[in-house]
Amino acid sequence: MGGVIVESSRVATHTTDFVDEGGFKDGNKKKKRRSRRSKTNYSLSASSSVSEILVDESTLPRGISSSQQASSGNQISLADDDFVCRSIPTLHLNEETVNGNIQNQPLISHNLDESIISKSVPEGLVNEETDGLVLIPRRVNSHTRPKYFPPYLSADVVSKALEASELLRALFHVNAHNRVEAYCKVDGVPTDVLISGVVAQNRAFEGDIVAIVIDPPSLWPKMKGPNETLDESACQASCSEQSEALMLCRGSSKGKSKLELDFEHVCSVDYLGFSEDGTCYETGSSSAAMADNRYVNGVSDQPSIHDSTKPCYCDDYKLVNICEKLCHLVSLFPSRRPTGRVVAIVAGSSRRDSIVGFLSVKQWFNSRDMKRKDSKKPKHQSNLNQGYILLTPTDPKFTKMTVPVVNLPISIKKRLEVGDLTVENDIVAAKVVDWAEDCYIPEACVIQIFGRGSDVEALIAAILFDNAIVASEFSSETLACLPRLPLELPPKELQSRRDLRNLCIFTIDPDTASDLDDALSVESLSNGDFRVGVHIADVSYFVLPNTSLDIDAQIRSTSVYLLQHKIPMLPPVLSDNLASLKPGVDRFAFSIFWRINSMGEVLDHWIYRTIIRSCCKLSYEHAQEIIDGAFDVQDFSQCRNHWPELYGQFEWRDVTKSVKILNDLANMLKLNRFKGGVLSFESPKIVFLFDEEGVPYDTMLLGRKDSNFLVEEFMLLANLTAAEVITRAYPSHALLRRHPEPNSRKLKDFESFCDKHGLALNISSSVDLHRSLEHIRLELKNDPGLFNILMSYAARPMQLAEYFCTGDLRYTDTDWGHYALAVPRYTHFTSPLRRYPDILVHRMLAAIVEAEIIYLEGIRTFEDPIRNEVLSRCFTGLCFDEHEIRSVKAQEALSISASKLKLPCAETLADVAARCNERKLAARHVKDATNKLYMWLFLKKKEILYSEARVLGLGPRFMSIYISKLAIELRIYYDETEGLTVEWLESTSTLILSHSMGKRSNRKTSPGKCKVLEEVALLINPTDLKLDLDSLGNLGEELEDSQKNELIGHDIQHKPAVFPLTVNLLSKIPIALHAVGGDDGPINIVARLYISSYFQ
């Protein structure tokens, strides 16, 4: 016989030496215990400081119920007959509670059969702070460790359940602001599923593909706003109801195999139950609900979310899988967030192998010193291979981890041996080794040391590692695939291409660009139309399928840009030289020509493989000067040093004339596109100004100009044309780029936000949305900062665009479109030097051009030249015959060319598309992280930056603010702050902050967890500010505001606010920004209120 000892305490601690998220606890620490006995029962309540309960361990089944606990004020009563008072093993629970409600721990209760039922009850939708009763069970004389997490379903069970659509496959994402909240994206379901609490998340990591089950709708919480917290009462009810469902399940599962029990427990009874007639029961047991005749044939017009026994009938009895059922329930309860839990990891995220963080060694040193005092061994003979060190990831989406000292790199062990505490200042790389059911946090091992956490190079290396960016040099095998320099163009290849070297062609790129992959040309035709050409570097000529160069490019998928340098997808000798469209040299290209009239209408198009020679390299600034008329061809000699060299027989008047014509046509194309419903969320981008040492010393906001839009319009047109051509030639093997419709709920939230502030927004279609935003732009022409904020809001409902293969059965024709561009087909063709998908599209176009030649050789008629002209572009022209391209001869020609150029099959292409999506997203994360790093360096150099911010979101705990000067969004948390009174008026969404002289309202956490006022506000005494200004005397009149700020240490331009501070949505507030972290933790940018107070 064994038993359990359960202690109650106000402080969550462990009595064994292991790590939880709060840090290390000393296993030898003595606890005060006091037991209470009663003739009738033993009681564990919030009012008792310490109690012990001895439970016969043999009577403990696997599950538990919290229904009695929830209904009796958190008091658990157990009969005397159920206990044996003896020295027995104890069970560790040590989980957090909120307001006395037990979360995340096996609860103990007494059922009708006088037996004890236990279950690991999931965390509810609550904050991480604790207050009130915490159960601290202790295991006595036993090596068995408690299990914090339920076991995963077996791979065989999961595979069968996913195939039978009885489990949901989902992508797992963690809330960066609150790690106990995660959201699962399920294909086909309009709303993400909330996975709340570490137990429900069941050891899943950011980016994992997981199998989940859905809770009954009675447990779904209300949708929360961006600044709201989850409803605690709903969470408490959820725990109780789930436990009751489990009890019903356990009572009706006798006589079944273990496989059936495991699967039925997770998929059928404990969660959503569906009867054979299509009825969905929200109870824990569908059989229990059907036993009540009142509900078997009843239909509720208004289903109640709180009635856990009332069935919800699906509109279509033919719903055959859980995804369709979930969609139906989401439509029934649109204001509720579906919740669920993870039952298996289908595919682990690659991010498990790329964790970046800091080691906390001080606790390990303290533990070692204590052991040395009790040890008889000399000081230098202590074992360095004992114990664990805590790893704190820089990404808040990851939990803390334990690293066994024995597995640390030798270099770190040597530093630990001499007591080097600076180990904590180094940023390290690690990978997850294991996360067992009996471990509250995972185990990891350190695999790389980047250097000091404040060193720029170390931080950039960590960013690249964190996103699995391949930054190594190209292998000798890859470089061997390149032709030798100088490049010699084969005569046979020259004969097969159209020679455009006598055409005025030029590039327009950033001034520092070296990988020039697109060029433009334009010719005026006799009938008033124009022939416009886009010429793209023919990278597919150099990157042949299945070579080392091709495989390397596929692995990297995209070039990665780091503000001051880039990590190329292709070797620089190719991307910056051999394939780059440098002026004055012959280069192979893929060219698309259009005949366009003055109204911007495309009348025809042609596609060729060509050879070109660019006459000059223009920067965007050069092109803008030409567009603005600031460039004088007649007086060019005076500005020759600032302009590029001109090659060939062309003169500057040829280039300027072409640029102006192209700009006029681009404006017409853009106007026509926006009439068709195109969405654009244009807002200025932050640009850093660097000193000679590469450190940012200032920032500026930079918007795009006409020269940028000129290039963009023709690149979009080229991509659209390529998409149409490859889709009609290879309808099941084309690589396209799709952009799904926006999240409807978030779009409605944006509509409500605009309506609340008197701005009319129509979200019926992309056309209506664009027109509404343009109307709002005119309304807010005097407040561009507010309009930029609205653009930021408008972009939030938008989903990510992605590459896909048209043969992927997950997508129908209606899913192929691009919502933002308002087109049915779109792809990437114009940047093959930095995007691998473009290379694949080039190969497809090359196969189509060659198939067109093969096909025409078999059917050309010499008697009909007009017919021959039409046939010459039967695959690539604007007008094509569907019947002709589907003929046997045409399909044979397409198949021959596809085989010759080794085009991938649909399945392979889908895998490549998925890889490219993942790498493109990683590159974006690198860019964002690098911007944050340089912003951090800028603010660190400034020490404090004063600015004005607009309030984006507001709630009782924190506010979201937007700093237009830096184009960033931050949060200020003011809840649980000593000396600050927070008053939240829900009806008017108004916040009032007052100085309370040491008092604190609505305390929910222990005093040690409260923030000090200085963490929320930078306080300045108005007397000191006036004295500082007076001290400048007459000198102050001669200095600029920035110089005054440096002299007195305060901001002159932005006046501080005062208490009490009243804040509403879109209010302007003064703030102070500064950089934190580096050597002492992850880098971060912190915003505080800028307040003037005499109490300072």
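Which residues of α2 are buried? I started my notebook with that one.

**Ground rules.** I am reading a predicted model, where local features need pLDDT of at least 70, side-chain atom pairs count only at pLDDT 80 or more, and totals for chains, interfaces and linings use all residues. Residues are numbered from 1 along each chain as its sequence is written, and side-chain values use heavy atoms, with hydrogens and water left out.

**Entry 1: helix α2.** I found V157, V158 and A161 buried in α2. Looking down the axis of α2, I saw that its buried residues fall within an arc of 95 degrees, so they line one face of the helix. The arc is that of the directions from the helix axis to the C-beta atoms. On the other side of α2, I noted A155, K160 and E163 as exposed. My cut-offs: buried means under 20% relative accessible area, exposed over 50%, and partly exposed in between (1.4 Å probe, protein chains only). Helices (H or I, at least four residues) and strands (E, at least two) are DSSP runs, numbered from the N terminus. After α2 comes S165, with a positive phi near 60 degrees.

Entry 2: I traced an open, antiparallel sheet of five strands in the order β15-β14-β13-β16-β20. Two strands pair if DSSP finds at least two bridges between them. At the edges I found β15 (193–196) and β20 (340–347), each with a single partner strand, so one side of each is left without a neighbour in the sheet. On average, neighbouring strands here are turned by 45 degrees against each other, direction ignored. Helix α2 (residues 155–163) packs on this sheet and touches β13, β16 and β20, its direction making about 105 degrees with that of β20. Axes are lines fitted to C-alpha atoms, for helices over the stretch in contact, and angles run from 0 to 180 degrees between N-to-C directions. Contact means heavy atoms within 4.5 Å. I also checked β13 (residues 168–174) and β16 (residues 209–214), which pair in the antiparallel sense over four bridges. L171 has I209 of β16 as its bridge partner.

**Entry 3: another sheet.** I then looked up three strands that form an open antiparallel sheet in the order β42-β43-β46. Here β42 (980–985) and β46 (1061–1063) take the edges, each with a single partner strand, so one side of each has no neighbour in the sheet. Neighbouring strands of this sheet are turned by 15 degrees against each other on average, direction ignored. Six bridges join β42 to β43 (residues 990–995) in the antiparallel sense, with V982 opposite L993.

**Entry 4: the cores.** Which residues have the most contacts inside the largest nonpolar core? I found F506, L618, L710 and F714, in a core of 105 residues. A nonpolar core is a set of buried Ala, Val, Leu, Ile, Met, Phe, Trp, Tyr and Cys residues joined through side-chain atoms within 4.5 Å. Helix α22 (residues 836–859) gives the most to this core, with 13 residues. A second, separate core has 59 residues, including A429, L464, L933 and L1013.

Entry 5: β27 runs parallel to β34 (residues 616–619), with four bridges joining them. T507 is paired with K617 of β34. Helix α16 (residues 620–628) has Y620, H622, A623, Q624, I626 and I627 buried. I saw these buried residues pack against β27, β34, α17 (652–675) and α18 (706–729). Just after α16, G629 has a positive phi of about 80 degrees.

**Entry 6: a buried loop residue.** I looked up D529, which lies in the loop between β28 (518–524) and β29 (530–537). D529 counts as buried, at 10% relative accessibility. Leaving out residues up to four places away in sequence, D529 touches E523, S524, R595, I596, N597 and L603.
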